[in-house]
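Here is a walk through the aromatic rings of one protein model.

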Amino acid sequence: MKVAAVLGVDIGTSSSKGVLVDVDGRVLRSSTRTHEVSRPRPGWVEMDADVWWQEFVSLTGDLLAPGDAEVVAVGVSGMGPCVLLTDAANIPLRPAILYGIDTRSTDQITRLNERLGADEILRRCGSALSSQAAGAKVAWVADNEPDVYRRARRLFMPSSWLAVKLTDEYVLDHHSASQCTPLYDTDGHDWYDPWAAEIAPGLVLPPLRWPGDVAGRVTAQAAAVTGLPPGVPVITGTIDAWSEAISVGAQGVGDLMLMYGTTMFLVHTVAARVTDPSLWGTVGALPGTRNLAGGLATSGAITAWLRELFGSPDYPELLRLAEASGPGARGLLMLPYFAGERTPILDPQARGILAGLTISHDRGDLYRAALEATGLGVRHNIETIEASGGDIRRVVAVGGGTRGGLWTQIVSDVTGRAQVIPAQTIGASYGAAFLAAQTGWTVSIEAWNPVTEVCEPRAEFAADYDELYGLYRELYTSSKRVAHALAARQIRFLAAARTDASEQQRTEGVAP
């Protein structure tokens with residue numbers, strides 16, 4: 001007899017993950033597909049939507065192949081907010097522009113702030129315009145690729161792209177919409193038509209639902225491609241960090257979720273609307289909830305980069321070396337702004353810095369400095385959240401970075417905050433599966449995913465990390481002018497390289 005199960009798939013920045021979970025929360029199987037984003041210019045981060053669907057189909061092949069489970073619902077989630085523009089037939093017109101790690105829309109942000117008023121945008125939308133704002137990136141396409149924009153009719157993100165491929169239904173969830181600043185009114189819970197008409201003329205913005213609402217049912221065509229049963233419900237889904245928060249039950253007032261992944265995300269649930277121009281105020285993933293959120297542009301991306309530079313040793317070996325390095329990484333300090341930075345400094349021209357280097361430092365020291373840089377960035381966000389009116393009572397950790405223990409321990413030591421760690425830290429795909437299970441069963445995330453570990457801060461390191469944090473804050477301020485100048489040089493160098501490549505192709509008779 002086949003067991004009733006739900007499928008959850010998440011499209012992330014560096015990989016897509018799928019889980020098959022029975023309706024009691026037990027993971028039957030999981031699978032992953034790794035991928036890379038495209039970075040065609042400094043500050044640009046893109047990805048082809050075809051990859052999202054191809055990986056979904058591939059993952060379902062892995063998860064359903066044994067044939068011992070009957071899928072009764074499908075959950076989806078994905079990185080965001082992203083901007084994927086298609087024509088009326090859902091044909092992508094260009095690669096998707098990714099979330100806040102893509103910083104191309106600075107000119108549009110300046111113009112929209114002047115035109116609409118920065119204070120009015122914050123009041124209506126809950127967030128100031130920043131590289132995270134999807135609406136500004138829609139405006140970038142209209143300004144810089146007018147031929148593409150003239151054909152654009154629909155706006156998708158990874159979760160809604162999977163939903164339409166599975167069900168033919170064009171929908172988006174309220175939370176994702178609330179990160180489309182300045183197109184969405186967070187008090188009215190709807191698109192704000194006056195600004196949408198001005199910023200996104202010609203686009204038919206999707207009907208809005210909550211992440212756990214049913215978007216539609218698997219079509220016969222999608223069933224034939226994926227192996228899913230036709231007619232099973234597919235939820236609307238949401239952005240991965242919010243699905244991660246659902247996966248660990250971090251939705252209560254006072255909860256703060258820390259998502260350890262390629263980037264670091266923080267989602268704090270507040271009792272009432274709180275706004276701060278250096279954070280993101282959004283509606284929550286569950287009806288009636290509100291969040292104050294932040295995010296580091298790079299975290300696991302830095303450790304992966306270092307690992308590659310080191311010759312790709314195993315992560316456990318790097319963690320062993322980092323632990324031996326000890327608090328403070330033998331006098332190293334890193335700014336983790338390797339792709340600019342999102343909250344709370346909102347500086348797309350910020351750059352990574354490794355200060356204090358000597359020839360005596362080794363791989364373990366560099367790796368430790370990277371882990372500590374994430375902790376310092378998290379502390380900066382936590383202090384900003386609480387100064388803005390947030391009230392953090394519980395911190396819940398989730399994501400691949402919780403494995404191994406050292407990273408979470410460092411973050412607790414740097415921030416002085418305990419972190420609870422549940423049994424399952426798979427993350428967004430598990431949260432998507434949980435929401436899918438709610439379409440037909442009464443389920444509890446506490447029963448699905450109980451807390452099994454608490455990471456406590458170590459008081460003996462508090463003074464050292466307090467000093468390091470003060471230096472961290474000072475280093476950004478004192479190096480900001482130099483970092484911006486270097487960012488400008490990087491852009492010029494790449495532009496010159498593209499010109500040289502185009503000229504070479506022209507002289508060789510090859511179309512650029």
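**Rings and their partners**

Start with a cluster: Y337, Y469, Y472 and Y476 are linked by ring pairs. Rings of Phe, Tyr and Trp (its six-membered ring) pair if their centres lie within 6.5 Å; planes under 30 degrees apart count as stacked, over 60 as edge-to-face and the rest as tilted. This is a predicted model, where local features need pLDDT of at least 70, side-chain atom pairs count only at pLDDT 80 or more, and totals for chains, interfaces and linings use all residues. Residues are numbered from 1 along each chain as its sequence is written, and side-chain values use heavy atoms, with hydrogens and water left out.

The structure holds 15 aromatic pairs. One of them is W53 with F56, which is stacked, at 5.5 Å centre to centre and 10° between the planes. Both residues belong to helix 1 (residues 49-64), 3 residues apart, about one turn of the helix. Helices (H or I, at least four residues) and strands (E, at least two) are DSSP runs, numbered from the N terminus. W53 and F56 are both buried. Buried means under 20% relative accessible area, exposed over 50%, partly exposed in between (1.4 Å probe, protein chains only).

Now turn to W305 and F338. Their ring centres are 5.3 Å apart and their planes stand at 65°, so this pair is edge-to-face. W305 is in helix 11 (residues 300-309), and F338 is in the loop between strand 20 (333-335) and strand 21 (353-355), so the pair ties together parts 33 residues apart in sequence. W305 is partly exposed, at 40% relative accessible area. F338 is partly exposed too, at 33%.
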